[in-house]
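This briefing is written for a reader meeting the structure for the first time. It is arranged by topic and may be read alongside the sequence and the model.

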Amino acid sequence: VTVMVGHAGSTVRERLAARAGLSFAVQEPQLGTAHALQQAEPILAGKTGTVVLLSGDVPLLTRRTLQKLLEAHTSAGAAATVVTAAMERPYGYGRIVRVDGQIARIVEERDASPAERQIREINSGIYAFDLPPLFDALRGIASQNAQGEFYLTDLVGIYRRRKLPVETLLVDDPQEIRGINSRTEPAGVGALLRQKKNEELMAAGVTLVDPATTYIDPRAEIGGDTVIHPGVVIEGPTRIGRACEIQAHVRIADAEIGDHVNINSFCVIVESRIENGASVGPFAHLRPASAVGEGAKIGNFVELKKTSLGAGSKVNHLAYLGDAVIGDKVNVGAGTITCNYDGEKKHQTIIEDGAFIGSDSQLVAPVKVGKGAYVAAGSSITQDVPDGALGIARARQNNIEGWVERKKAVPQKG
């Protein structure tokens, strides 16, 4: 795979850096589409076979169409095959000019005559080329056109003059080859992608209460009998199991969610895993590298960061748990905080199976609460609590009798 870069080329390289097996060719200056393809000649020199040329701004193109393109090109023994589409409003696209039913040339919008602009069959900018004659023919392209550029579309006329066979492949859905040419078009294409994804999911048994306000990434996987309420955003290759319920205005990104999970409204879940039968929210925040065990419960205004919560454990209200490992069937009371940061480094808190953490407790990491141990409400725990022990760290209460009456009896200044 060779990627042509020119304008903002360094940014394109950075975005594609994680993809293996790519070569880059630089087009500088940018003198048109034919000139761009010529920059691949050093990379493809001496090779044989079929070159498939794609545009970087056609996001709806499918694998199926590319397979059909290769099949049509190979079976016809063509030197070039052009993907075309019939559009009701073809403004801005190059037109396919045919003679006796055969493609004769492609004329760009700016160079087209009034009669040619009435043609509805348009050029997609997607081609298959037989490699041996390609680069020699490219050198025959001139820049005598409205933009003063070397148009790849002129290759069709050159091939015809050289008696080389040129074929076309008409796509069924013209939206598939829709290009992005303005700031407004990404929104339209995004809506088409979402609609297609939504239809696929509903056909597979997923209930979308309001598809118009549901944003689901095409890479996401969602099991049957799951119900998704309005305002939900699901991003990246998220996987959601069967029979889940995702309440309104939830954002889930790059996460994995098991079966029969309930996500209440206004939660944010990023790069985390939730096991079968768990419940989260409302207003919960699961930050990256968090895990919620089977049947566990995360309540309102609870934040997890790089924390695992064991099966059947509960954190029902108003807690921050960061850099923690929490065992099975642990109860974490309201207002609990793991104090994981000392100003320089992060430290881990470990709470073992069956422990009970009283409300408004602070666990100053690194610290460990043992199996079945209790932490008294309002404690600031700075040392390990052994298995089965009670950890209590708070000032002793002292009641001063009659204090209120004496205070009221003292004359107030001012």
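D100 is found in the loop between β5 (95-99) and β6 (102-107). In this predicted model, the phi of D100 is near 55 degrees, a positive value in a residue other than glycine. D100 counts as exposed, because its relative accessibility is 77% and the cut-off for exposure is over 50%.

**Other backbone features**

- Most residues other than glycine have a negative phi, and most peptide bonds are trans.
- A289 also has a positive phi, of about 70 degrees, although it is not a glycine; A289 is placed in the loop between β22 and β23.
- A cis peptide bond, with omega about 0 degrees, joins E28 and P29. P29 belongs to the loop between β2 (23-26) and α2 (33-38).
- The peptide bond from A365 to P366 is cis as well, with omega near 0 degrees. P366 is located in the loop between β32 and β33.

**Strands and their pairing**

- An open sheet is formed by nine strands, in the order β11-β14-β17-β20-β23-β25-β27-β30-β33, and its pairing is parallel. Its edge strands are β11 and β33, each of which pairs on one side only.
- Within the order of this sheet, β23 stands next to β25. Strand β23 (residues 291-292) and strand β25 (residues 308-309) pair in the parallel sense over two bridges, and the bridge partner of A291 in β25 is S308.
- β24 pairs in the parallel sense with β26 over seven bridges. The bridge partner of E303 in β26 is Y320.
- β24 also pairs in the parallel sense with strand β21 (residues 279-280), over two bridges; here S279 stands opposite K297 of β24.
- Strand β22 (residues 285-286) is a further parallel partner of β24, again over two bridges. In this pairing L286 stands opposite L304 of β24.

**Nonpolar cores**

- The largest nonpolar core has 48 residues, and those with the most contacts inside it are I228, I263, I274, V292 and I298. At least two residues of this core come from each of β24 (297-305), β26 (314-322), β27 (324-326) and β33 (367-369).
- Another core, of 26 residues, lies apart from the largest one; among its members are L37, L44, A80 and F129.
- Which residues does I274 touch, not counting residues up to four places away in sequence? They are E256, I257, G258, V261, I263, I269, V280, L286 and V292.

**Helix α7**

- Helix α7 (residues 185-203) has 19 residues. From its first C-alpha to its last it reaches 27 Å, close to the 27 Å expected at 1.5 Å a residue.
- The buried residues of α7 are E185, V189, G190, K197, N198 and L201. These buried residues pack against β9 (207-208), β10 (215-216) and β11 (221-222).
- G205, with a positive phi near 100 degrees, follows α7.

**Cysteines**

- A disulfide is a covalent bond between the sulfur atoms of two cysteines. How many disulfides does the structure hold? The number is zero.
- C267 is in no disulfide, and the nearest cysteine sulfur, that of C244, is 13 Å away. Since its relative accessibility is 1%, and buried means under 20%, C267 counts as buried.
- C339 is partly exposed, with a relative accessible area of 28%.

- S361 lies in the loop between β31 (356-357) and β32 (362-364). Is S361 buried or exposed? Its relative accessible area is 0%, so S361 is buried.
- The side chain of S361 reaches two backbone oxygens: that of G358 at 2.7 Å and that of A376 at 3.3 Å.
- Leaving aside neighbours within four places in sequence, S361 is in contact with G335, T336, I337, V375, A376, A377, G378 and S379.
- K345 is found in the loop between β29 (337-339) and β30 (349-351). K345 counts as exposed because its relative accessibility is 55%.
- K345 and V26 are 319 residues apart in sequence, and their C-alpha atoms are 44 Å apart in space.

How values were computed. Residues are numbered from 1 along each chain as its sequence is written. This is a predicted model: local features need pLDDT of at least 70, side-chain atom pairs count only at pLDDT 80 or more; totals for chains, interfaces and linings use all residues. Side-chain values use heavy atoms; hydrogens and water are left out. A nonpolar core is a set of buried Ala, Val, Leu, Ile, Met, Phe, Trp, Tyr and Cys residues joined through side-chain atoms within 4.5 Å. Buried means under 20% relative accessible area, exposed over 50%, partly exposed in between (1.4 Å probe, protein chains only). Helices (H or I, at least four residues) and strands (E, at least two) are DSSP runs, numbered from the N terminus. Contact means heavy atoms within 4.5 Å. Two strands pair if DSSP finds at least two bridges between them. A disulfide is a pair of cysteine sulfur atoms within 2.5 Å. A polar contact is a pair of N or O atoms within 3.5 Å; within protein, one must be able to donate a hydrogen and the other to accept it, and residues adjacent in sequence count only if both atoms are side-chain atoms. The expected span of a helix is 1.5 Å times one less than its number of residues.
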